[in-house]
Protein chains: 2
Amino acid sequence: MAVGPDTLPTLHPVAGFKIGIASAGIKKPGRRDVVVMEFPESASVAGVFTKNAFCAAPVHLAKANMATGQVRYLVTNTGNANAGTGEQGMADAKAVCAELAQRAGIAATQVMPYSTGVIGEPLPVDKIVGALDAALADLKEDNWLDAAWGIMTTDTRAKAASEQIDVDGKTITITGISKGAGMIMPNMATMLGYVATDAEIDQVLLQSWMSAATERSFNRITVDGDTSTNDSCTLVATGASGVRIEADSAAATAFVEAFNRIMLQLAQLIVRDGEGATKFVEIRVDSAETSKEALDVAYTIAHSPLVKTALFASDPNWGRILACVGRAGIENLDLDALQIYLGDVCIVEKGGRAASYTEEQGQAVMNEEDILIHVVLNRGSASETVWTTDLSKEYVSINADYRS
Amino acid sequence: MAVGPDTLPTLHPVAGFKIGIASAGIKKPGRRDVVVMEFPESASVAGVFTKNAFCAAPVHLAKANMATGQVRYLVTNTGNANAGTGEQGMADAKAVCAELAQRAGIAATQVMPYSTGVIGEPLPVDKIVGALDAALADLKEDNWLDAAWGIMTTDTRAKAASEQIDVDGKTITITGISKGAGMIMPNMATMLGYVATDAEIDQVLLQSWMSAATERSFNRITVDGDTSTNDSCTLVATGASGVRIEADSAAATAFVEAFNRIMLQLAQLIVRDGEGATKFVEIRVDSAETSKEALDVAYTIAHSPLVKTALFASDPNWGRILACVGRAGIENLDLDALQIYLGDVCIVEKGGRAASYTEEQGQAVMNEEDILIHVVLNRGSASETVWTTDLSKEYVSINADYRS
């Protein structure tokens, strides 16, 4: 199951950013499961990585290699996460980078590795290395859609977004892909994102935009509250358009707006393809005292199995939402001052069910696939929004039956 | 579904503590849904109540009336939680107390009210009041089992525990009942516990033992992480045995040990009857730096939908447990130093799957109904244990289908 139409926009190639896909047969013979990305020496690279203390070997290595500022290639395999694999896992990740570097005539530290798939199994280095020549031979700029398919694991849909904006009369492209369907999959290590632009942007600036955009996109989605050992998202600015974007310029504003939209789309596509999802749910908390307070309320609702099963049942069960707000740990919460809305319908005010509320109004909102839960705390000026799914019987089936 | 045998011990009457049950027909005609408990003026009463900011009217009133130190009666109704009911809810709770007080010849503030059932519906005061005479006429000491049935909502089993201990050659009795099957039920406000003893114990001492025992029992169980608006647990010491227990005495030690066992049994019975439960899971975290750290790890595992669905599938999916430990927010966690066990089987050490581990060993543990997940952090001397259930398809069914 997935929520909403399964359509992708035109994926504009990004000048200077080439992608090659090949088959290593890691889990299935013939599956195109290795993706190599190549970009010029002058490119800037920014990245964000999982905060899970048990982060996988490729995450450690990708971080370290990004820090050198010399990266030229990204190499991704699906089917195996190379997580929970100890010292051998690190040696394996380095071996893949070294083999790619040798073929490309660069140093091994100029490659960032990514792995997604089963946790705890040894990385099949030979299979991956065996696919590198084919992936390099396939390198071209118009390969985004195949790459979106190439990085998938149990995703049911390819996920991509693309925009072009006009800067000083020249066209700049931003294109990206993502994968993931649960914060961690059954045995899988999950969320990956890759975005490229042909703008020229200094690395420090690029990283600041990347970190800020992540906070409003990939760090605001949750399917089941579980954080993967392998999550990462990488942004490359090739500079091949010849358009340089400086900090605090009008071009910067336009770029950041477009980039934020791309990141949000890539993140929301993951939620729409969430495991067993039948609903796409936005939870907006307004007029909190602090951002943390707003997030505490939003995630308490987003992670409540009782709210999520009510969403699955299309049941306007306001008592469960109210109970979440009450247990979110907000100090001195004034129950009489807050309101809770389903869509535009006020369901809670003055500490109880809104006088104007009728079950029919709530039912009409809950019958939709896209649902807004909106909490107005009336305490301050902080707002936060997170996106999540419902909790369906299929979620349990997917996660209980996966290894059997 | 429920986990383990459905057997109750002999429920010893508690001298001075009388219970009467009657039918108010709140949800079903003929259902015995009102329970009145009576004890002498000399009794001490201790209580713990939900921390949910949206706590229900009866919780507010019970707290306030307990503080007077003059309580003589407890009155409980099922079928309606009187939660999310605003000012009318408080007036209704007071009305029930006043009607009982009038019949008993006491003040309304000498009654503590309890309600459990649907949130957000007006309390049917007339129905409850109509059952009070019958409940008072039914008052007797040997009524614990009927009371255990009387306080149930969607529970599938009656829950009770009872012990007798010897103090200075005299017998002291402790008997209790509880109800609840999710932290909050679909639309329900859930957990209630009542324990009585015929020992004579000062109120301040009684409250300190009650609070400490709650921390190790009712505050260490979770089915779905949701905290009810109506949770409360009440302990009454009637003094009718003539045996007085002083602080720091041998008798106090014996009493507290027995009382803690009773509380733990009552709490664990709730987990065993958890919504859709097929497993009873103990999560023990040892050698943490602080108690909070141990609880953070334990609850991260206990609330992970991925761990819970793996438990439902009897799948020794160690990657999911490892990922939970990694995201529990422990600073400077030394991955190489910790171990994770399933029962007695070491599944994780040195940052990955234990070398000695075989899938068959893990499968054997997971095939049991009662399962221990044991995390050894090797950082300090704090330990904590929590109890939870798996996440089954039936959990989703129960909570998605409830109002339909």
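**View 1. The copies meet through the same surface, since 98% of the interface residues of chain A are also interface residues in chain B.** The model is predicted: local features need pLDDT of at least 70, side-chain atom pairs count only at pLDDT 80 or more, and totals for chains, interfaces and linings use all residues. Residues are numbered from 1 along each chain as its sequence is written, while chains are lettered from A and ligands numbered from 1 in the order in which they are written. In the interface, 47 residues of chain A are in contact with 46 residues of chain B (contact: C-beta atoms, placed from the backbone, within 7 Å). On the side of chain A that touches chain B, two or more residues come from each of α8 (305–312), α9 (318–326), β15 (352–353) and α11 (393–401) of chain A. Helices (H or I, at least four residues) and strands (E, at least two) are DSSP runs, numbered from the N terminus. The residues on this side of chain A comprise 19 nonpolar, 19 polar and nine charged. Here Ala, Val, Leu, Ile, Met, Phe, Trp, Tyr, Cys and Pro count as nonpolar, Asp, Glu, Lys and Arg as charged, and the others, Gly among them, as polar.

**View 2. Chain A is superposed on chain B by a rotation of 180° with 0.0 Å of shift along its axis (RMSD 0.0 Å).** This is the relation of a two-fold axis. The C-alpha of A:Lys393 is the one in chain A nearest the axis, 2.7 Å from it. Superposition is by least squares on the C-alpha atoms of residues with pLDDT of at least 70 in both copies.

**View 3. Helix α11(A) packs against helix α9 (residues 305–312) of chain B at an angle of about 70°, with their axes 8 Å apart.** Axes are lines fitted to C-alpha atoms, for helices over the stretch in contact, and angles run from 0 to 180 degrees between N-to-C directions. α11(A) is therefore roughly perpendicular to α9(B) (under 35 degrees is roughly parallel, over 145 roughly antiparallel, 65 to 115 roughly perpendicular, the rest oblique). The two helices cross in a right-handed sense (near helix turned clockwise from the far one by less than a right angle; anticlockwise is left-handed). A:Val396, A:Asn399 and A:Ala400 of α11(A) meet B:Leu306, B:Thr309 and B:Phe312 of α9(B). Four of the residues in this contact are nonpolar, two are polar and none is charged.

**View 4. α8(A) crosses helix α12 (residues 393–401) of chain B at roughly 70°, the axes coming within 8 Å.** This crossing is right-handed. A:Pro305, A:Leu306, A:Thr309 and A:Phe312 of α8(A) contact B:Val396, B:Asn399 and B:Ala400 of α12(B). The contact holds five nonpolar, two polar and no charged residues.

**View 5. An open sheet of seven strands in chain A has the order β10-β17-β12-β16-β13-β14-β15, with mixed pairing.** β10 (221–222) and β15 of chain A are at the edges with a single partner strand each, so one side of each has no neighbour in the sheet. Strands pair if DSSP finds at least two bridges between them. Strands β12 (residues 280–288) and β17 (residues 382–389) of chain A run antiparallel and are joined by seven bridges. A:Ile283 is opposite A:Val386 in β17(A). Helix α6(A) lies across β10, β12 and β17 of chain A, at about 45° to β17(A).

**View 6. Helices α5 (residues 203–215) and α6 (residues 250–272) of chain A pack at about 45°, their axes 9 Å apart.** The crossing of α5(A) and α6(A) is right-handed. A:Trp209, A:Ala213 and A:Thr214 of α5(A) contact A:Val256, A:Phe259, A:Asn260 and A:Met263 of α6(A).

Conventions: Two residues are in contact if their C-beta atoms, placed from the backbone, lie within 7 Å.
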